[in-house]
Amino acid sequence: MANLSWQSAGKSTNIRKVKFNTLLFRNLNFLKILASYLFSRISHRAYHWGKPIAVSIEPTNRCNLHCPECPSGMHRLTRTRGEISPDVFKSAIDQLSPQLSYLTLYFQGEPYLHPGFFDFVRYARSKNIYVSSSTNGHFLSTEQVEQTINCGLNRLIISLDGINQETYQSYRQGGNFKQVVEGIAKLVEQKHLKKVNHPKIIIQFLVFKTNQHQIAEIRTLGKKLGVDKVEIKTAQFYDYHLGNPLMTDLGKYSRYKKITSPSSSIITYQIKNKLPNHCFRMWSSCVITWDGKVAPCCYDKDANHVMGNIIKTPFHEILKSTSYKNFRKTLLTKRKSVEMCSNCDQKF
């Protein structure tokens, strides 16, 4: 028995040592990324040291809903629909995991539609990576709730843009408000029964003209359900210059501002962010689509700026490629010329 205790203590010490070394390695990587970014801003030259701190990997770009401002749900993506293969996912994680701290297992589409979603979470968690995902909440059956907890998912964002079916479906077209709320309640209940703190459950409420009067009520509903947080967010519109019927008139919750011209009766809109010539995301993170394409940012929803493909090229070569360097340089000199940045609220 004493020998077994000694072996157990030794194993525990080794695990702590591995975790400490991993944390140290990732902190050093963060400092490299931050230093190269700040040096690039000062020098106006694109230097990049280290590897991404965070990455978004797309399980699938398919979705069960038809939200009017979502290119996936409205079938506006020009890229092929599909699902990431386990081999591609594992290859991406293996190449990134020594430095990677944060994985968003979502880009376009509904991640719970991928049959390997829970296995993906487990694999990333085995590498001590913090894993977050985002869902429309229609796949939280008793069995799926059980798997969501058991796989070790750290954080789950659930979209709930209303406090009844009428307001909810004004944007989440094809969605079922009651089903989503029941799924959230099941997840909260199972967390309590299992006495676990994961996943952190966040209700995300995008503010539209149709639901802006329910901001206080969604906070109340969140407390009633027992979620960890209710996050009120501004909505993104692709064709915002002439306005949109869904656009809120509550300035605090809009990323756009109204522009009136003395010489014209036409009212136009522009993004509030002045789009300074820098963006930390271009240094700290990237996106990998279901078919292995590396895109520089989550705003590049149709992967128009492909830097390479991890199926064909090792990630470290893509990261240090001339095309990636030139793209970062463009962000340092004329960010407004990059179309995907026109909807961005990133200021650092």
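This is a predicted model: local features need pLDDT of at least 70, side-chain atom pairs count only at pLDDT 80 or more; totals for chains, interfaces and linings use all residues.
The protein contains 10 helices and 11 strands. Its C-alpha trace spans about 85 × 50 × 35 Å along the principal axes. For 348 residues, a compact globule would have a radius of gyration near 20 Å; the value for the protein is 22 Å, which agrees. Of the 348 residues, 51% count as buried. Contacts between residues at least 6 apart in sequence were also examined. Of these, 67% join residues at least 24 apart.

Nine strands form an open sheet with mixed pairing. Their order is S6-S5-S4-S3-S2-S1-S9-S10-S11. Strands S6 (229-234) and S11 (308-309) stand at the edges. Each has a single partner strand, so one side of each is left without a neighbour in the sheet. Strands S1 (residues 54-57) and S2 (residues 102-104) run parallel and are joined by three bridges. Within this pairing, Val-55 has Leu-103 in S2 as its bridge partner.

Helix H3 (residues 117-125) lies across S2 and strand S3 (130-135). The helix runs at about 155° to S3. The loop between H3 and S3 holds Asn-128. Asn-128 is not a glycine, yet its phi is positive, at about 60°. This residue is partly exposed, with a relative accessible area of 34%.

A positive phi is also found at His-75, near 60°, again in a residue other than glycine. His-75 sits in the loop between S1 and helix H2 (86-96). With a relative accessible area of 54%, His-75 is exposed, because the cut-off for that class is over 50%.

The backbone also contains a cis peptide bond between His-198 and Pro-199. Omega there is about -10°. Pro-199 lies in the loop between helix H6 (177-194) and strand S5 (200-207).

Helix H10 (residues 322-333) was checked for its length. At 1.5 Å a residue, its 12 residues should span 16 Å. The end C-alpha atoms of H10 are 17 Å apart, which agrees with that expectation. Buried residues in H10 are Tyr-324, Phe-327, Arg-328, Leu-331 and Leu-332. Seen down the axis of H10, the buried residues fall within an arc of 145°, so they line one face of the helix.

Terms used: Residues are numbered from 1 along each chain as its sequence is written. Side-chain values use heavy atoms; hydrogens and water are left out. Two strands pair if DSSP finds at least two bridges between them. Helices (H or I, at least four residues) and strands (E, at least two) are DSSP runs, numbered from the N terminus. Contact means heavy atoms within 4.5 Å. Axes are lines fitted to C-alpha atoms, for helices over the stretch in contact, and angles run from 0 to 180 degrees between N-to-C directions. The expected span of a helix is 1.5 Å times one less than its number of residues. Buried means under 20% relative accessible area, exposed over 50%, partly exposed in between (1.4 Å probe, protein chains only). The arc is that of the directions from the helix axis to the C-beta atoms. The radius of gyration is taken over C-alpha atoms; the globule rule is 2.2 Å times the number of residues to the power 0.38.
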